[in-house]
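User: Hello! I would like to learn how to read the features of a protein model, one step at a time. Could we go through this one together?

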Amino acid sequence: MNRGTPDATGASRVVRNCLAGAIDYAGLFPPAALDMRTAVRNYASYRAGDDAALLGRFVVPVARLNELVGELDSLDARNVSASAVLGPNLSADCETVAAFNMPPARARVDAIEAKAERPGAIYELVSKASPNLDVFVELPLEGELESLVAAVRAVGARAKIRTGGVTTGAFPSARSVVRFMRACLDAAVPFKATAGLHHPVTGTYALTYAPDAPRGVMFGFLNVFLAAAYLGQGMSDEDAARLLDDRDASAFSFGDDGAEWRGRHIDADRLASTHARAFGSFGSCSFNEPVGELRGLALLS
């Protein structure tokens, strides 16, 4: 997967640039579903580790923000960036976030995430949120998706796609993921992904950490990232769907000058632009798993 350029760190540098701050740590959520103390300690250790530059926000339900404060106090941890997942009571949850961010605070919620299935719900969400927050709106992949993305753009929010779960039925088709990315790219709406993106390359994996866990096809986060980048470069939706489904790690390569998928090159500037303006982050209940597998593919040094 590493093209073995004369500069042995070339692939690692490109991958690190593409994924800088991209892995939002969601250890509280399934399938890890860790308790708050363990999740906060894990996050603190990742922030102090060699791969801290890849770490994004700490993802937490609004209903558990008080728990988060308690654990941060016990660790004397400060300057934690958090993304709060809202429930159905938008007004109350937005007020909770605003109170949480009142100084002095060991952590700051600088992003919120919520589901919305109608343009009116998107407008309502943004009207209740503090204007200095990044608002991610999780959209359904069926129906009037393009209209919803247009509403997200109209209010200056960002989109979110759910790319998996703990059952095989929770995973959308590659064509649905491509449709979402195409709509966001056409509307210049940045987006994040969540769920089922533990591994760099698409493949069949255990869906949970249970010994008898069911197995299913999970998208690779590199597949998703590269599909977004190639779509932005003019790739057809059909080819992007094939890229998303490609389970052969040897079909991808990274080097100083960018990346290749089955002989199709994309330069490092396009990859950096995709990260900055389109696919900015993804939620994962594990940080060690994606980072460790990138290292196993010789994509991190």
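**Reading the model feature by feature**

Analyst: Happy to! Let us start with a cysteine: the closest cysteine sulfur to that of Cys-184 belongs to Cys-18 and is 19 Å away, which is too far for a bond.

User: What kind of bond do you have in mind, and how many disulfides does the count give?

Analyst: The general idea is that a disulfide is a covalent bond between the sulfur atoms of two cysteines. To be counted, the two sulfur atoms must lie within 2.5 Å. By this rule, the count is zero disulfides. Cys-184 is buried, because its relative accessibility is 1%. Cys-285 is buried too, with a relative accessible area of 7%.

User: How far can I trust the coordinates?

Analyst: This is a predicted model, and its average pLDDT is 94, with 97% of the residues scoring at least 70. Residues 4–8 have a pLDDT below 50, and this stretch has six contacts in the model beyond near neighbours in sequence. Where pLDDT is low, the predicted coordinates should not be read in detail.

User: Let us move to aromatic rings. How many aromatic pairs are there in the whole structure?

Analyst: In general, a pair of aromatic rings is described by the distance of the centres and the angle of the planes. Here, a search of the whole structure gives ten aromatic pairs. Take Tyr-25 and Tyr-46: their ring centres are 5.3 Å apart and their planes stand at 85 degrees, so this pair is edge-to-face. Tyr-25 is in strand β1 (residues 23–25) and Tyr-46 is in helix α2 (residues 36–47), so the pair ties together parts that are 21 residues apart in sequence.

User: Are Tyr-25 and Tyr-46 buried or exposed?

Analyst: Tyr-25 is buried, at 1% relative accessibility, and Tyr-46 is buried as well, at 11%. Now compare another pair: the ring centres of Phe-279 and Phe-282 are 6.4 Å apart and the planes are at 35 degrees, so these rings are tilted. Both Phe-279 and Phe-282 are buried. They also belong to one aromatic cluster, together with Phe-180, Phe-191, Phe-221 and Phe-225.

User: Which residue lies over the face of Phe-136?

Analyst: That is Lys-192, at 5.6 Å from the ring centre of Phe-136. Phe-136 turns up again among the contacts of Ala-111, once neighbours within four places in sequence are left aside. Ala-111 itself lies in strand β4 (residues 107–115) and counts as buried, at 0% relative accessibility.

User: How do I read the side chains along a strand?

Analyst: In a regular strand the side chains alternate between the two faces of the sheet. Strand β10 (residues 252–255) shows this: Phe-252 and Phe-254 point one way, Ser-253 and Gly-255 point the other way, and all are buried.

User: And which way do β10 and β11 run, parallel or antiparallel?

Analyst: They run antiparallel and are joined by four bridges. The two strands form a hairpin with two residues between them. Within it, Ser-253 has Glu-260 of β11 as its bridge partner. Glu-260 also has a bridge partner in β12, namely His-265. Strand β11 (residues 258–261) and strand β12 (residues 264–267) are antiparallel and joined by four bridges. They make a hairpin too, again with two residues between the strands, and Arg-262 in the turn has a positive phi of about 45 degrees.

User: Where else is there a positive phi in a residue other than glycine?

Analyst: Look at Asp-76, whose phi is near 55 degrees. Asp-76 sits in the loop between α3 (65–75) and β3 (80–85). With a relative accessibility of 47%, Asp-76 counts as partly exposed.

Key: Residues numbered from 1 in each chain as written. Predicted model: local features only at pLDDT ≥ 70, side-chain atom pairs only at ≥ 80, totals over all residues. Heavy atoms only, no water. Phe/Tyr/Trp six-rings, centres within 6.5 Å; stacked < 30°, edge-to-face > 60°. Buried < 20%, exposed > 50% of the residue type's maximum accessible area, 1.4 Å probe, protein only. Lys NZ or Arg CZ within 6 Å of the ring centre and 35° of its normal. pLDDT = per-residue confidence, 0-100. Contact = heavy atoms within 4.5 Å. Pairing = 2+ DSSP bridges.
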